[in-house]
Amino acid sequence: MSILKIDGVTKRYANHTALDNVSFDIPAGCIFGLLGPNGAGKTSLIRIITQITGADSGKIYFKGEKLRPSHIKDMGYLPEERGLYKKMKVGEQLLYLAQLKGLTKDEAIARIKEWVARFEIKEWMNKHIEDLSKGMQQKVQFMATVMHEPSLIILDEPFSGFDPINANLIKDEILRLRDNGATIIFSTHRMESVEELCDNIALINRSRKVLDGPVREIKDTYKTDTFQVIGNGQLLITSPDFEVLEQHDNHGVFRASIRLLDGASPNDLLRYLIQRVEVHSFVELVPSINDIFIRKVKETYHA
Amino acid sequence: MHKIWLIIKREYLTRVRKKSFIIMTFLTPLLLAAFMLVPAWLATISDSEDAVMVFDESGIFAEKLESKPDLKIIPVAAGSLEQAKTAYQETDYTALLHIPKLDLANPEGFRLYSKKNISFQVKFRLESMLEKEIESQRFMASGIDREMLNKMKANITMTTVNLSESGEQDSNVWVTSGAGIVGAVIIYFFIFMYGVQIMRGVIEEKTSRIVEVMISSVKPFQLMMGKIIGIAGVGLTQFLLWVVLSAIVVSGVQAAFGIQPAPTPIEQMQSGRAMATGEEEPEQTEETSQTDTLSEVSEAISNLNFPLLLGSFLFYFLGGYLLYGSLFGAIGAAVDNETDTQQFMFPITIPLIISFIMSYTVVIQNPDGPVAFWMSIIPFTSPIVMMVRIPFGVPASELLLSMGLLVLGFIFTTWIASRIYRVGILMYGKKINYKELSKWLFYRV
């Protein structure tokens, strides 16, 4: 079941088109990567989903219902441009933002306590935001985004500005939230940073959707049946079933990229190799999302 | 509605709890009290006595010039001016007045010698004494008796009475003008001070980038109105606290020190007017006329229509604030930082400043004239100008028209502001001009 269905959304600004007939589904309970270079239209789409702006045409369904203002409280949005009221205390700020999301005061206080314990930041509660380090502010902001336990969490460039330790902490939190049933949308132009986390992705380029689907399926579609083999011995492939793309020999150690040709299976290649050389490593060369993106973009330009 | 209330509460509380707000709120009544009491206190201690030696060679004045409680006249008999001067040097009198032998038709050659610089007041009083005496002498010479003249001199004060359907009421032009001006000044400063606070608040939200978080929870319009209303609450709180605290401080100090406050601006205006026209009332009537004026003033004050004044003050206070406040908010949304606000502030402040200047010049001189009428009808100037007109009596139809237009004006500016606001708050790093702004009005967001 999809939590969000985007159907033919188009958004034009005065002198450019930000989104051009974009459609895709976001399945519930997954981590979804909304990927594309800067200026592709990701933020425009997010602003339409969070109802900051409206689409010129097209429809969006949230949990099967047409998107409406009351859905806002079931979403959490961490914008790329982070910000908090600098003169407010951390506790007050969290309480205020949680109440604006529709929590009662008591509920909000209970949630704040829970999160404060989880992030071990009790001593911050009475500090002003402006007295916190940037990393601390990011944590507070992340808390504010998810505190009302929304079923859809949208994170725009979530790891920018986090040091590796905090980035890992946030990653763990995101996985925990997903396991608790939330759907998470990552929007980023740094595709490698979320590849391992995402279950599904949509690629956007120049206001158009280029590609979408489960990461595994996409990779299957775009894999080239190429394997990297490392081993000892003199490798000389004469079989017409395999094609050597690249080979380096160094003091009896070889490293080769080999593509399977029509009908050959990886096991055929392995069997063929074992009879001739000593295999140390046998790895499928899977294209990264980045590679796929570049290929896909090239295809669309040439088409 | 719940969300806008949360926003109002935050805007209000964060400002009211600021140190600067608390300091301003408590310091201003103290300063006000000081302004009122210090001159009064100075007046009670600065009543030193002046003494002037008079060397009269003409023989006309010596006996006639009389000592006043604070200005002693000491005739000196000396053979020559030089002798008189030496005699003066030995005393600590304020000055030595030399009256030469003179021709009544053409009196000149009066000289005032002093060790230190003489005060303007002493010089002025001596001159008027001498003038009076010369006049009497001339009257005598032409056969008119001074007594007779005093009897003939007319001295009237006119009581102004408002004739209206509700009956006759004593009024006082100075009280009436004063009441209006005070209201207008407060509204003017209130709009400026708190309008700029709205603008700063919006800029702060923009520069701290909280705005996108906020408007993913609330509508831009709610955010803007919450801020405007919250800050209005801050202003009203401060205003009420000032009124209450000033009253407490002033009456407390009066009770403690038994000092009467310095004359109110109305009384000062009155004495100023008397001086400007140069009319010198005979000494004996001065006291009584002073008390007349005082009772007249207090009667006129009690005759002001307070419920109407207060009601319309609150209406124009809030109406004017809302009208301009939303525009200030829109400016805040359109720019990235405060230095860029100048070009947009200009057209907003101009009508405010003009109506402020006009209100104590043209409007007060002719509260029913065409300028006053139009300025009190147009929403951008009416909050200030109408306040000046109301104490003079404004027909109910005009008042209702003006109020109705103010409400429409405020709805209109809020509409414009909310259009600019919703586009502007998400716009960064772009230099905005008027053409761009006017496009925003019709953007589909």
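**Exercise 1. Which element gives the largest share of the lining of the largest cavity?**

The model is predicted: local features need pLDDT of at least 70, side-chain atom pairs count only at pLDDT 80 or more, and totals for chains, interfaces and linings use all residues. Residues are numbered from 1 along each chain as its sequence is written, chains are lettered from A in the order in which they are written, and side-chain values use heavy atoms, without hydrogens and water.

Step 1. Find the cavity. A cavity is a set of points on a 1 Å grid over the protein atoms alone where a 1.4 Å probe fits but cannot get out; lining residues have an atom within 4 Å of a point. The count is 1 cavity of 30 Å³ or more. The largest holds about 90 Å³.

Step 2. Assign elements. Helices are DSSP runs (H or I) of at least four residues, strands (E) of at least two. In chain A, β6 (75–78) and α4 (134–146) each give two or more residues. The largest share, 3 residues, is from α4(A).

**Exercise 2. Find the residues with the most contacts inside the largest nonpolar core**.

Step 1. Define the core. It joins buried Ala, Val, Leu, Ile, Met, Phe, Trp, Tyr and Cys residues through side-chain atoms within 4.5 Å. Buried means under 20% relative accessible area (1.4 Å probe, protein chains only).

Step 2. Pick them out. The core has 159 residues, and Leu4(A) and Phe186(A) have the most contacts inside it. Helix α11 (residues 306–334) of chain B gives the most, 14 residues.

Definitions and conventions:
1 Å grid on protein atoms, 1.4 Å probe; cavity = no way out; pocket = protein on both sides within 12 Å on 5 of 7 lines; lining within 4 Å. Points joined across faces, edges and corners; volume = space filled by probe spheres on them. Buried < 20%, exposed > 50% of the residue type's maximum accessible area, 1.4 Å probe, protein only.
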